[in-house]
Amino acid sequence: MDWGGWTILWAASEWLIRLIMLPVIVLRKARPSTCLAWLALIFFLPWPGLVVYLLIGENRLGRNRLKQRQSRFADLRTQRRAVPVHAGAHSGVALAEDDDGTAEFRSQDLLPEVPLISSDFEPMASLVERFTGWPVSSGNQAAFLCDAELMVDRLTAEIDAARDHVHLLFFIFREDYLGRRVGDALIRASQRGVVCRVLVDAVGSRGLFRGLGAELRRHGVQLVRALPVRLYRVPFARLDLRNHRKLAVIDGRVAYAGSQNIVEPSYGHRKAGRWHDVTARIIGPAVHHLQLLFLEDWFHETGEWLDLPRYFPPPEPAGDAVLQVLPSGPDMPGELFQDIFVKAVFLARERIILTTPYFIPDEPLMMALRLAAYRGVQVDLVIPKQSDHPVVDAAAAFYYSKLARDGVNVHYFLPGLLHAKTTTIDGRLAIFGSANYDIRSFLLNFELNLLLYSSVAVTELVRLQERYLSLSHRLKTDSLPDGVWPRRLWINLAKLLSPLL
């Protein structure tokens, strides 16, 4: 066949892809923006677009995996409600500084009081319980750790003090000086008879298994990949659905949850600088809820169900923090995390503070933030000046530039990459955890967030957010990044990819 024949054959194949993929995408993509983005990619780049769609085009968890998760969903939801939700004395939360300047928020005794959820938030809490089975729990203590070394120091101390079991679930567990510190603590614990289970994302922690991971296994630590990537699963499962949760539970009595991974503070990205995270150290009934979440994820990866009394010791009287676990993922009904987040924004009357490393909202969240600013709510959005994903930064600039013109205060965090994912509403409600405020976290990743209803504890998280604000530069509407033509073109091209990021 001559050159002209091959050209005709190639053009015909491209049109065949366009014609076949048109009904596939239109029928399978509920969101018009996502549908149009995929159609544009397929139309302009048929063969590359087809390959990308086969890899990441559909929210497929895999038939067997999804069936396994959904078959147990009703039973697990009932079991979640059966876990104790109350415990003894009450305490507040206060800020403490270590000698090196790192910060910890820890509880201080206060007069006893009955922790209640504001009537404004009761429908939201009921909605979370209805769809997830996780009830509100009172009598907790929450201490916020906002330094990577401090968090790892506390975690390794907990592992060294463990008597029965250690359960870790992290998106990134890297063999660096902090990862080695945790790994050594796990080895010591395993050698003295403590059962250590470590579940890490197969992509986020892909380098772990070559060195430190093999050493952990040799010493009896049970190390398991979450959502392993196998090319033969492409027709049956999407490859980039990741377990993005960060969770540690020790002896069923203390838990750590937030945005911090087991990795040194730069995350290996020197240009972005030091990453700034926040993790909550939790004592009280909420630990049982977090323990059950780990056991569920462990079961879904190993088939081993560990519903034993040893993992749920009687909760200790701890504090007055009122918490609710809010997991999300492609196996759960609807878009719960996004719905709850938007609901919280609509409840604001005075002030909203958001911190996130990646900001690619969809239209409901954009509308909620815009309307909040219109009705006089002070909305402060804090983002890093530069993240580790240039295309994401460009797409985010499109959205926050629009919000800035609508009255939202947008701030660039200057000392590094702000990786803390926190939102506070009127100093009375906080949402924090592993989820970014982007479409990927809303729809694709397995995430773990916590709702905090105690005003005293929320106030301390606001203090941390205020610290971030003090280290940030507010963008003025006359100097937004989309004001210069070449930059504006790049931003608007990147926004086309936002439904796919």
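Buried means under 20% relative accessible area, exposed means over 50%, and partly exposed lies in between (1.4 Å probe, protein chains only). Keep those cut-offs at hand for this tour.

The model is predicted: local features need pLDDT of at least 70, and side-chain atom pairs count only at pLDDT 80 or more, while totals for chains, interfaces and linings use all residues. Residues are numbered from 1 along each chain as its sequence is written, and side-chain values use heavy atoms, with hydrogens and water left out.

**The whole chain**

Show the protein chain as a cartoon. It holds 15 helices and 21 strands; these are DSSP runs (helices H or I, at least four residues; strands E, at least two), numbered from the N terminus. Of the 501 residues, 60% are buried. Take contacts (heavy atoms within 4.5 Å). Among those between residues at least 6 apart in sequence, 80% join residues at least 24 apart.

**Aromatic pairs**

Now show the rings of Phe, Tyr and Trp. Rings pair if their centres lie within 6.5 Å, using the six-membered ring of Trp; planes under 30 degrees apart are stacked, over 60 edge-to-face, and the rest tilted. The whole structure has 15 aromatic pairs. Select Phe43 and Phe44: this pair is edge-to-face, 5.4 Å centre to centre, with 85° between the planes. Phe43 is partly exposed, at 41% relative accessible area. Phe44 is exposed, at 63%.

Then select Phe337, Phe341, Tyr437 and Phe442. They form one aromatic cluster.

**Charges over rings**

A charge sits over a ring if NZ of Lys or CZ of Arg is within 6 Å of the ring centre and within 35 degrees of the ring normal. Select Arg18 and Trp15: Arg18 lies over the face of Trp15, 4.5 Å from the ring centre. Then select Arg225 and Phe209: here Arg225 lies over the ring face, 3.7 Å from the centre.

**Helices α6 and α7**

Colour α6 (residues 148–161) and α7 (residues 177–191). They pack at an angle of about 5°, with axes 9 Å apart. Axes are lines fitted to C-alpha atoms, for helices over the stretch in contact, and angles run from 0 to 180 degrees between N-to-C directions. The angle makes α6 roughly parallel to α7 (under 35 degrees; over 145 is roughly antiparallel, 65 to 115 roughly perpendicular, the rest oblique). On the α6 side, the contact includes Val152, Leu155 and Ile159. On the α7 side, Leu178, Val182 and Leu186 are among the residues involved.

Stay on α6 and pick Glu158. Is Glu158 buried or exposed? Glu158 is buried, at 8% relative accessible area. Leaving aside neighbours within four places in sequence, Glu158 is in contact with Ile250, Arg253, Val254, Tyr256 and Arg281.

**Two loop residues**

Select Leu227, in the loop between β6 (222–226) and β7 (246–250). Leu227 is not a glycine, yet has a positive phi of about 55°. Leu227 is buried, at 7%.

Move to Asp251, in the loop between β7 and β8 (254–258). Asp251 also has a positive phi of about 55° without being a glycine. Asp251 counts as buried, at 11% relative accessibility.

**Last stop: cysteines**

Select Cys146 and Cys196. Cys146 is buried, at 14%. Cys196 is buried, at 1%. How many disulfides are there? The count is zero, taking a disulfide as a pair of cysteine sulfur atoms within 2.5 Å.
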